[in-house]
Amino acid sequence: MTTLVNFDDVHVLNQCTRYITRDTTAPRHDFGQYASDDPRAVLCEPWRFPLVDSYFDRNSPEESYRYNTVTFVYDGRATRPTSVEVVGTFGELFSPVALRPVRFLGDDTGFWAVGIRVAKGQSHRYLVGVDEQWDVDSINPQYATSDNGRTWSRFFTEACQIPLVLSARERELLGRLVAHLLPFRLPENSKFIREVYNQLDRLARVQEFPLAYRLDEEVGVVNYIDKLLARSEQHHADDYHTCLAIIDRLLRQRYGGLDTLMLPLDAYAALYDEMATNVVDGWDTSQYADPQHFLLLLRRHALTGAFAHPRTGGNSGAAGWVYLESRYQNSEDETLFDWRRALEAPLGRNTDYRG
């Protein structure tokens, strides 16, 4: 059963004003990910819709942590529909949820919206019905195809671990690449990260790391990159598909056909050094002309994912923050990175912040 959440009309309108209701009609936000006539190209960051935000129930703050509020928004200013509904895998597929008109100072704005409660760590498909005509969301650029070939709109909630963009082989290879870029690859740091999680008993794991899927040298960075490519940086998905395939073939050729995933770290270190100079022996420049650009892109994503908020899909179980907490201390052995003060339970101890 779908749980509705009351939302603030002003909050919804603030989001619409920032990202949808802009005067320009030029395709300023098209980085090659849209067809020439796709209206999303003129929208600023359409991937933000539906709005995935914190959920908070004052009667049960601890229970609130498990959920997000997902707010669907429909822009009906041009067509002025009489009804707008949404149906998806987050609820009963035969029971649409009605959006209501968004008002400002008592007047209809042309926007429609509805907020629902959805558990964290999930991915869902949905369709929007406008005057009983069902189609994909006219704003959200995320799509998913069902087994019968039907195209749906898609969204995912915070801390989602479900692969959305990268194949199994791509994720495994990316894990090897990322492991070399992060400080956790050093033996003493890798051991520390594993012990942070393994030393906890089962109950403590559930309480302190409720969203941790796995804790290894790359602390969820591969998952973080997968989620970036699914939403905010869709325009870089082709960079990863192309370059990971090039790297896989190149390393196989260099090392006599050995499985790329079984190669020692020295093989990756040599490749990084070449990519940094933008001259890589055997790199197929006809497919991707700038290996240095991909290396810089990968570094940016890897380091951000290792130390971002766990809700983004990286920094699994806050392991990256725990690492910094132990690394930076004063002369009294007190941490200079007390991240728990800024975060709500169960990961932190802040009683006010609900982000």
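Student: How many disulfides does a search of the whole structure find?
Tutor: This is a predicted model, numbered from 1 along each chain as its sequence is written, with local features needing pLDDT of at least 70, side-chain atom pairs counting only at pLDDT 80 or more, and totals for chains, interfaces and linings using all residues. Side-chain values use heavy atoms, with hydrogens and water left out. A disulfide here is a pair of cysteine sulfur atoms within 2.5 Å. The search covers the whole structure, and the number of disulfides it finds is zero.

Student: Is Cys 44 buried or exposed?
Tutor: Relative accessible area decides the class: under 20% is buried, over 50% exposed, and in between partly exposed (1.4 Å probe, protein chains only). Cys 44 has 12% relative accessibility, so Cys 44 counts as buried.

Student: What is the relative accessible area of Cys 243?
Tutor: Cys 243 also belongs to the buried class. The relative accessible area of Cys 243 is 0%.

Student: How many residues of strand β8 are buried?
Tutor: Helices (H or I, at least four residues) and strands (E, at least two) are DSSP runs, numbered from the N terminus. Strand β8 spans residues 123-130 and is mostly covered. Of the eight residues in β8, the number buried is six.

Student: In β11, which residue is the bridge partner of Tyr 126?
Tutor: Two strands pair if DSSP finds at least two bridges between them. Strand β11 (residues 151-156) runs antiparallel to β8, and four bridges join the two. Within β11, the partner of Tyr 126 is Ser 153.

Student: Which residue stands opposite Tyr 126 of β8 in another pairing?
Tutor: Strand β4 (residues 84-88) is joined to β8 by five bridges, again in the antiparallel sense. Opposite Tyr 126 stands Gly 88.

Student: Which residue in the turn of the β8 and β9 hairpin has a positive phi?
Tutor: Strand β9 (residues 133-135) pairs with β8 over three antiparallel bridges, and Gly 129 stands opposite Trp 134 of β9. Two residues separate the strands of this hairpin. The turn residue with a positive phi, about 50 degrees, is Asp 131.

Student: Where does Leu 105 lie, and is this residue buried or exposed?
Tutor: Most residues other than glycine have a negative phi, and most peptide bonds are trans. Leu 105 is not a glycine, yet has a positive phi of about 55 degrees. Leu 105 is found in the loop between β6 (100-104) and β7 (107-119). With a relative accessible area of 73%, Leu 105 is exposed.

Student: What is the relative accessible area of Glu 45?
Tutor: Glu 45 sits in the loop between α1 and β2 and has a positive phi near 50 degrees in a residue other than glycine. Glu 45 is classed as partly exposed, at a relative accessible area of 27%.

Student: How many Å apart in space are Glu 62 and Ala 345, C-alpha to C-alpha?
Tutor: Glu 62 is part of helix α2 (residues 61-64). At 62% relative accessibility, Glu 62 counts as exposed. Glu 62 and Ala 345 are 283 residues apart in sequence, while their C-alpha to C-alpha separation is 7.2 Å.
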